[in-house]
Amino acid sequence: MPIKAPGKRYGKRLQHSKVFGHGAHGKHGGGNADVLITPLVDMFVIIVLFLIANFSATGEVLMMTKDIQLPDAVNVKEVEMHPVVMVSGEEVTISGTVVGRVQDLVKEEYLNIPALEEKLRDMKKQFEDLHSMAEGNTNAFKGDVNIQAHKDVEFSIIKRVMFSCASAGYNNINFATLQKGEAGNEPTAAKTE
Amino acid sequence: MAGGMDLGGGKGKKSLDVAINLTPFIDLMAVTISFLIMTAVWTQIGRLQVAQAGGPSMEDEQKQEEQTKTVQLTLYVTPTELRLAADQSEFPAIEAKRGENGKLDLAPLVARFKELKGQFPDQSAITLQTEDKVRYEDLVRIIDQCIGAGLPQVSVSAVMG
């Protein structure tokens, strides 16, 4: 078998092809260089597969901010779409509305945060009004709420947030955490409703 | 060419050497990649479900306690120590030591949970009585360890008095 110069080598069938065999035999120096799109398509396919594998249908339930650094946890469940109370080192917010400043809350001796409780009651009423016409109990109010708090916040603030949630009818409290380690590790019978 | 592959080139027959137009395919890929990158969730966030001590779930827990061999398990959480109590008996306090990264060392607590689960395999509920000065991160890590140790029904309450 003779030694051939490096370059494209087409099979016997394609050697005389108008598309692939064109210019393959010694016709160098043409102005039109072929761009190989096979690696490009391969790369696209791999990227699409990777992104589809990582796709989350739930979307981003919690809005991540610089003020709130979440603690890590391993035995977590997937976060669901519920009202989110955000507790940073400076303020407590719900749905973008500031309901209390941490400095003031530390000084007060109330058990709840009145503005938060009022807002949650409004949200509960809104939910019940929206779902009152729906048939069945599939969309019944379950009282779930997500608390997204900064890791250095003291329990005295969390306690007041929890009490306000419970007073407004939100008894199922979920602490938002960053998932560390194995994903989707479902603890058994963790639901306490 | 009965029974054989038509390689083309014959008179009146179409050639098989047709270049597939890949442009629409690449366009579709580009649009799909853009959409998936825009909607991708890069931070994996989870939730730890807790109940408030004295809330509506407590009645169910009490019924369950009557049916199975369980105890009223309480963990007192303070910034300096952790004290586990099962009914009237109290275990020795665990000092809250912190590692180099500032995180609470919970290995002794996990060992105690394992010991307790050996005695009461049906136990699934625990109440965390937490002091005001305890950091949220420490509380979350303790709840995480409780769930990991097979105590998924975690209730949180403030220290009385």
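Q: Which residue of β1(B) stands opposite A:Glu78?
A: A:Glu78 stands opposite B:Gly46, in a predicted model where local features need pLDDT of at least 70, side-chain atom pairs count only at pLDDT 80 or more, and totals for chains, interfaces and linings use all residues. Residues are numbered from 1 along each chain as its sequence is written, while chains are lettered from A and ligands numbered from 1 in the order in which they are written.

Q: What makes β2 of chain A and β1(B) a pair of strands?
A: Strands (DSSP runs of E, at least two residues, numbered from the N terminus) pair if DSSP finds at least two bridges between them.

Q: How many residues of chain B are in contact with chain A?
A: Contact is counted when the C-beta atoms of two residues, placed from the backbone, lie within 7 Å, and 44 residues of chain B are in contact with 58 residues of chain A. Among the elements of chain B that give two or more residues to this side are α1 (23-39) and β1 (45-52).

Q: How do you know how confident the predictor is in chain A?
A: The predictor's confidence in each residue is its pLDDT, from 0 to 100. The mean pLDDT of chain A is 80, and 82% of its residues reach 70 or more. Over residues 183-193 of chain A, however, pLDDT stays under 50, and for this stretch the model has 23 contacts beyond four places in sequence.

Definitions and conventions
Helix = DSSP H or I, 4+ residues; strand = E, 2+ residues; numbered from the N terminus.
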